[in-house]
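Reader: Could you take me through one part of this model in close detail? I'd enjoy a look at the packing inside and at the charged pairs around it.

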Amino acid sequence: MNQNSSFKSKSEKYNIAWFKLAEFVSRGEKERALGIYRLLTLSINDPALVLQLEGDILLAFNDTNAILQYEKAAKLYQQNGRIIEAISIYEHLISLNPQSSEFYNKLLQLYKILNFQDKVIFTTKRILLALLNENDIENSLIHLEELEKLTNENDLIEYYQETVFVLIKNKTAKEIIFGYTKKIVDKHFNDNDPNLQIFISKIEILEPNLYADIIAYLELPKEKNENKNKN
């Protein structure tokens, strides 16, 4: 047999092996799929890719160990300076677990390395919402402060409101809640804005004392104007 025939034979066997792997996965034969996968990996000189492929196979069988393999692959990609590949894995992990502040944080650091500013802002917002969902007040406020540095406050009304409602839920000190409430009122609303009335109505239901403070705060400018007119 000549060299070309030998190479062709090996290539054909390799292609058949991948075809069989796909077949075993489609038939739900996990052990057979993993067995042939391990044989195939002997010819793949890329440890991170090997881990990623194993994650793909395990995921096809709804095996939670897939997450661990994906994380190992992403870490190895990052160590080798292959940031785009690491990003793609964390984006995939987030698609599997959209509420994971841990994966968002790792993705955020990678976006910062590549100076993807729009993605840094978007991901910081997602982290903030995830942290609020976890009732992690301390880290939520840290990320909200970071957002204020990254983008115009006019883009942050949704995040201020979510923060206020979670702070109320967790019985955070009233002065802290009121500080963020004033930002919402000052930056985003005018007296005739129906959204202001909706926001205040929600506050009235959740925290009547805070509602009274907001009303008093909103009346201050009117009182000052009235006093000026009298003088």
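Author: Happy to! Let's begin with Ile89, which touches Gln52, Tyr70, Ala73, Ala74 and Tyr77, leaving aside residues up to four places away in sequence; contact here means heavy atoms within 4.5 Å. This is a predicted model, where local features need pLDDT of at least 70 and side-chain atom pairs count only at pLDDT 80 or more, while totals for chains, interfaces and linings use all residues. Residues are numbered from 1 along each chain as its sequence is written, and side-chain values use heavy atoms, with hydrogens and water left out.

Ile89 also belongs to the largest nonpolar core, which has 36 residues; Leu21, Ile89 and Tyr90 touch the most other members. Such a core is a set of buried Ala, Val, Leu, Ile, Met, Phe, Trp, Tyr and Cys residues joined through side-chain atoms within 4.5 Å, with buried meaning under 20% relative accessible area, exposed over 50% and partly exposed in between (1.4 Å probe, protein chains only). Helix H5 gives the largest share of this core, seven residues; helices are DSSP runs (H or I, at least four residues), numbered from the N terminus.

Now for the charged pairs. A salt bridge, a side-chain nitrogen of Lys or Arg within 4 Å of a carboxyl oxygen of Asp or Glu, joins Arg82 and Asp46 (3.1 Å, N to O). Arg82 sits in the loop between H4 and H5 and Asp46 in the loop between H2 and H3, so the pair ties together parts 36 residues apart in sequence. Asp46 is buried, at 16% relative accessible area, whereas Arg82 is partly exposed, at 26%.

Terms used
Helix = DSSP H or I, 4+ residues; strand = E, 2+ residues; numbered from the N terminus.
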